Amino acid sequence: MTPSTHRASVTLSDETTAKRVVDALSELFFEDQAAFAAFERPDGRWDVTVHFAEPPDQALLRELVGQVVRPDIASTLVFDTIEAKDWVKASLEDLVPVAAGRFVVHGQHDRHRIPPNKLGIEIEAALAFGTGHHGTPRGCLLLLDHVLKAYQPRRVLDLGTGTGVLGIAAAKALHGKVLASDIDPPSVKVAEENAWLNGAGHLVDVIRATGFAAPRFAADGPFDLVLANILANPLRQLAGPMAQHLASSAQVILSGLLTHQAPAVIAAYRARGLVPLRHLKIEGWSSLLLRRVK
């Protein structure tokens, strides 16, 4: 059971401001004194939370945040204490299986609850952003299920695979090979482990790559289906390189973007000959299905 922890949290206007605050606070505390987290909200603002093992100096924190941002923002800092609790057990209890079409994403503790007519994908609670409980992977899985009802792609790419959940889902549904990539070495390791855990290790080939720079993309492409659950800005930047690696009439599933960011992403891909077919909105996040028409 973890001991009580002390928490400070504040909501900021944008990502740049959030990063400035985190950078400033991280210089003040040693790694074992505080843990930092910053998350984008559906309304575009950012929540910054800091967990402390010992009660922090509230006046000092307010002063520092006031210097980085503004004193009136510093006054909105909220301090509280999280009581001792088995957080791993609690997160597992709260993280119920999530159905997305034929797919059900679940933790090990719910392995027995998966219906025989569903494709279970086991990802643990510690990796919750990539499990399907967040709006973006769930939207991708719903669109993937929709696509596979009428289309059997032979060459599939999961770009920015993260936990590997999308590549695993495609491999299990198609009983075929999937190339998965990520820029982050730990994510590559996690995705590989999850693929083997889900009986798809022989089908999902995970590589470390930035964008489409690796030779494997040209060797394994052109792709009939691309899954990319990343973020809006990288998705826009990848529109050109992705179009160069798509087969004729290829379909693309994009996510990781807030709903207000969707028009700009759609425009970037439309300029490369891809038209939108479906647009799912879940919890303030958008998932897009597009098809290449030229």
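Colleague: What pLDDT does the protein average?
Modeller: pLDDT is the predictor's confidence in each residue, from 0 to 100. This protein averages 85, and 89% of the residues score at least 70. The model is predicted: local features need pLDDT of at least 70, side-chain atom pairs count only at pLDDT 80 or more, and totals for chains, interfaces and linings use all residues. Residues are numbered from 1 along each chain as its sequence is written, and side-chain values use heavy atoms, with hydrogens and water left out.

Colleague: Where is confidence lowest, and where highest?
Modeller: Elements first. Helices (H or I, at least four residues) and strands (E, at least two) are DSSP runs, numbered from the N terminus. Helix α4 (residues 87-94) is lowest, with a mean of 46. Strand β8 (residues 156-159) is highest, at 97. Treat one more stretch separately: residues 125-133 have pLDDT below 50. Beyond near neighbours in sequence, that stretch has 27 contacts in the model (heavy atoms within 4.5 Å).

Colleague: What is the order of the strands in the open sheet?
Modeller: Pairing comes first. Two strands pair if DSSP finds at least two bridges between them. Here seven strands form an open sheet, ordered β10-β9-β8-β11-β12-β14-β13, with mixed pairing. β10 and β13 (274-282) stand at the edges. Each has a single partner strand, so one side of each lacks a neighbour in the sheet. Neighbouring strands are turned by 15° against each other on average, direction ignored.

Colleague: Which helices pack on the sheet?
Modeller: Angles run from 0 to 180 degrees between N-to-C directions; axes are lines fitted to C-alpha atoms, for helices over the stretch in contact. α7 touches β9 and β10, and its direction makes about 170° with that of β10. Helix α11 (residues 262-270) touches β12 (246-258), β13 and β14 (285-292). The direction of α11 makes about 160° with that of β13.

Colleague: Why is strand β9 largely enclosed by the rest of the structure?
Modeller: Buried means under 20% relative accessible area, exposed over 50%, partly exposed in between (1.4 Å probe, protein chains only). Five of the five residues of β9 (residues 178-182) are buried, so the strand is largely enclosed. In a regular strand the side chains alternate between the two faces of the sheet. In β9, Val-178, Ala-180 and Asp-182 point one way, Leu-179 and Ser-181 the other.

Colleague: How many bridges join β9 to β8, and how many to β10?
Modeller: Four bridges join β8 to β9, running parallel. Asp-158 stands opposite Ala-180 in β9. Five bridges join β9 to β10 (residues 204-208), also parallel. There, Val-178 stands opposite Val-204.

Colleague: What is the handedness of the crossovers?
Modeller: Point the strands away from the viewer: a crossover is right-handed if the path from the first strand over the helix to the second runs clockwise. The chain goes from β8 through helix α6 (residues 165-174) to β9, and this β-α-β crossover is right-handed. β9, helix α7 (residues 185-197) and β10 also make a right-handed β-α-β unit.

Colleague: Why is α6 largely enclosed?
Modeller: Nine of the 10 residues of α6 are buried, so the rest of the structure largely encloses this helix. Among them are Val-165, Ile-168 and Leu-174. His-175 follows α6 and has a positive phi, near 55°.
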